[in-house]
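User: I would like to learn how to read aromatic rings and their surroundings in a model. Could you take me through the general idea and then the case here?

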Amino acid sequence: MGLFGRTIVTFLPFAPRFIVGWVAKRYTAGESLEEALEVMGGLSSEGACFTIDVLGEEIKSIDESQWFIDEYESVIDSIVDSGVDANISIKPTALGLLIDEQLALSNIERIVRKAAGNDIFVRLDMEDNRVTQATIDAAVSIQNKGLENIGVVLQGRLFRTPDDISKVSNLLGRNSDFRICKGIYLEPPEISHTSYIDIVDATNRAIDLMLDSGSYTAIASHDIPVIDHALESLQKRGLGPGKEDPRHNPTVPVRKGKGPGYEFQFLLGVRGNIRRDLSRKGHRTRIYLPYGEKWYEYGMRRLRENPGVAVHVTKSLLMPWTNRR
Ligand code: FAD
């Protein structure tokens, strides 16, 4: 990180809460489910669908997980009642993964079961390396109970990712469903790539491996070299808007709310112009939409973990033409 980034991160904790709130407005859909539904209503006209995240992570006592279970159950009810085209994303540490793996698993399963009853997909977000294996194990074991509406996120920057792609896709076959991103947590060099170019190359290789494994592949990046690579890889494999996924014989029917074997995903408020362009060209695009009262803690934590985010955010505010909402 350059001097610019270091300066921002040093002074950020002293920024008045209302200024942080003003910035957070762009990246979060408000504090309540009602506000989130309103934001989705406004954005639906842009051809996007959504994945809803209730802000919060790393609970300190397992009792706190009940609040997240209740909230996610309300989210599922609201998706059904409002008819919005959305699924949900869950941070496993908000359900207790760092406290009690078995209890966390049953908490996650409860949400996945309710979602399955309403034909809604659940994505387990990937957090830092303390929970990589446990998160993958949770997704696989819940699928093994016959719940096919769950998938996991893998991070291009981690050395283990190619191996994880092959293990998970072998275990789950045509039901394996990944989101691939670079990974927001700055992991140590013993286990991850650390330079921009190595992370891009590794993420692109992971996209290819996912596509070749027959897995559903959700490409979550705003970075043009990654998006361009993905578009080229899709084309080479005969995947694209309006085409049947040619990787399976017999063909896998497109699941409710899904694209034909792949989709592109963007964070709320980031590079909307690229998202809209992909959508106009017929690709399925999904907006990751976080909401909740914990926006301040969430924002500060992300900035501390990866100060590069502060540079992106500041650039978006000072040079809005580089990053349209
Ligand atoms: P970058 O090179 O970081 O960004 C490319 C450009 O996008 C930047 O130049 C900037 O213009 C813009 N940009 C990127 N991020 C921001 C931002 N926050 N604010 C403003 N502008 C920005 N990571 C995980 O570790 N686990 C997850 O489960 C996870 N889920 C994700 C879900 C989605 C839908 C997305 C899009 C990302 C997710 N991430 C997750 C974050 C991801 O790993 C990256 O940290 C993040 O997307 C930035 O990487 P990038 O590929 O967009 O490339």
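User: Is Phe68 buried or exposed?

Analyst: Buried means under 20% relative accessible area, exposed over 50%, and partly exposed in between, with a 1.4 Å probe and protein chains only. Phe68 is buried, because its relative accessible area is 2%, whereas Trp67, at 43%, is partly exposed. This is a predicted model, in which local features need pLDDT of at least 70 and side-chain atom pairs count only at pLDDT 80 or more, while totals for chains, interfaces and linings use all residues. Residues are numbered from 1 along each chain as its sequence is written, and side-chain values use heavy atoms, with hydrogens and water left out.

User: How many aromatic pairs does a search of the whole structure find?

Analyst: A pair of aromatic rings is described by the distance of the centres and the angle of the planes. Rings of Phe, Tyr and Trp (its six-membered ring) pair if their centres lie within 6.5 Å, and planes under 30 degrees apart count as stacked, over 60 as edge-to-face and the rest as tilted. The search of the whole structure finds three such pairs. One of them joins Trp67 and Phe68, whose centres are 5.0 Å apart with planes at 90°, so this pair is edge-to-face. Trp295 and Tyr296 also form an edge-to-face pair, because their planes stand at 85°, with centres 5.9 Å apart. Trp295 counts as buried at 13% relative accessibility, and Tyr296 counts as buried at 19%.

User: Which rings does Lys258 lie over?

Analyst: A charge sits over a ring if NZ of Lys or CZ of Arg is within 6 Å of the ring centre and within 35 degrees of the ring normal. Lys258 lies over the face of Phe121, at 3.4 Å from the ring centre, and its charged end sits over the ring of Tyr216, 4.4 Å from that centre.
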